[in-house]
Amino acid sequence: MLATTIDTMDPGWCEPNGNGVSDPTLVDRVTLGDESALGLLYDRYGSVCFRVAHRVTQNTALAEEVVQEAFLALWHAKGYEEQLGSVRTWLIALTHHKAVDAVRRESALSRREQSYVKPVTRDGSDLNDPESIVLRDLADGDVRDALLDLSPTQREALVLAYFGGYSQREIAELTNVPLGTVKTRMFAGMRRLQVRLSPLQTSARKEL
Amino acid sequence: MSERSNHFDRDDHASELELAAAFAIHALDEADERRFIAHLKSCGRCRAEVANFTEVAAMIGEAARGDLPRLSLRDRILAAASMDQARGSTPGFAMEAKPKETSIAPSMGVAEAVETNKNAEHSNIARFRARVLLGAAAVVVVVGGVLGGIFGASNGPQAPPAPCVRTVGCTAVTLTSVLTHRPLATVMVDHRVAWIHATGLPSNSPKDTIYVLWEIVGRDAPRAVGGFDVLKHQRGPVSVGNVTAPERTITAFAISIERGDTVPTAPTHVIAIHHLA
């Protein structure tokens, strides 16, 4: 018992810094209780996770809470496995999921009504409407172009869902269209984005 | 683009595929989400679709502009992780002793994890012995190198120890692993009484082992302050004993783990140390 107690405490994998250490290796270290590995993963993905959380919650304190929850979920080894995709994707997805849960939990109706419901337009050209502001604020030109390539109704459904945190049923009510139509639009939009963006995914993987 | 133009791959699996896209961006309503999660368990095709759509969704998220988080967020997260570890809820220890493929209950403690993998226990003994030797060597080096200093420095994002919260002038230091330099415990001295807050020490088996806190003054032999156990659900600091040397003369604290249940006259397996600047 003594031997194992000490061994589990001092696994012997620490290195002075994380330069060149792969994400999966850092995750392995995190699951062994290495706080420095958690810090390195935060250094890599904390900012993007915060941006996603802040975009969804539109609240700095809530966004920080969400990011903290996401990284602590990683700390607790809840859920990440390599077959789920890259650590980056998993962390962003988890953060987004938690951010959506947070806005639903807080039912920040005033924020959501002010931000999305009233001024939604369907042509995607008016920079004063939130959908367009989201598009304008996308730094990545490829992603922005891919979103602009969608039909306005597909884009609206996806923007409301991803950045607004709305469920399909809520979107159906907001846009006054049948639920089945929203489902179809969302699937078609995601499929089209996948077609447009998958070459970028492939090249990104090669870079890694 | 028409809404029908993307129906090329819709077949008898169409409704599930629709759910896959929405699932990836967390847009399903609760009932649909429950249904889809149940479906995912037996559908590799939908799992693959979810993975692809999740990649797409992450690219959208990554493209969003925005402010940077406050610098304090990083410290906050690491402090929270450290606190969780102090509470013994870090499953990393469990993961160490159990194959990754198996399901690990987050609350699984070290003891249970060890029991689940006897093979790992045996294979670890040799490495343990090597580390004990390294640890013992490290303490000699540290003690020899510290000729004097000021008591009271602390490091690491530890929680405020309870005695020090209450007492003005209480001093606290964080002892780190001699190998990994991870914080393992905070030692607080309050009116000569030494308290231990075992923030990163795994629980020991009191029948077989005992942790010992040592005070070190210059090149003198370490002196045991007292023995203590770290129990599985232990919370907060515990008193260990009284320091005997004047606080200003103490140059290091060390923690060792010893076989049996008595405090030896000299440390044999030093695992954590803090030397005072």
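Buried means under 20% relative accessible area, exposed over 50%, and partly exposed in between (1.4 Å probe, protein chains only). This model is predicted: local features need pLDDT of at least 70 and side-chain atom pairs 80 or more, while totals for chains, interfaces and linings use all residues. Residues are numbered from 1 along each chain, chains are lettered from A and ligands numbered from 1 as written, and side-chain values use heavy atoms, without hydrogens or water.

Q: What percentage of the residues of chain B count as buried?
A: Chain B has 277 residues. The share that counts as buried is 53%.

Q: How many salt bridges (Lys or Arg side-chain nitrogen within 4 Å of an Asp or Glu carboxyl oxygen) does the whole structure hold?
A: The search covers all chains. One of the pairs joins A:Glu69 and A:Lys98, at 3.8 Å from N to O. The total over all chains is 15.

Q: Is B:Asp32 buried or exposed?
A: B:Asp32 forms a salt bridge with B:Arg35, at 3.5 Å between the closest N and O atoms. Both lie in helix H2 (residues 30–40) of chain B, three residues apart, about one turn of the helix. B:Arg35 is partly exposed, at 45% relative accessible area. B:Asp32, at 11%, is buried.

Note on methods: Helices (H or I, at least four residues) and strands (E, at least two) are DSSP runs, numbered from the N terminus.
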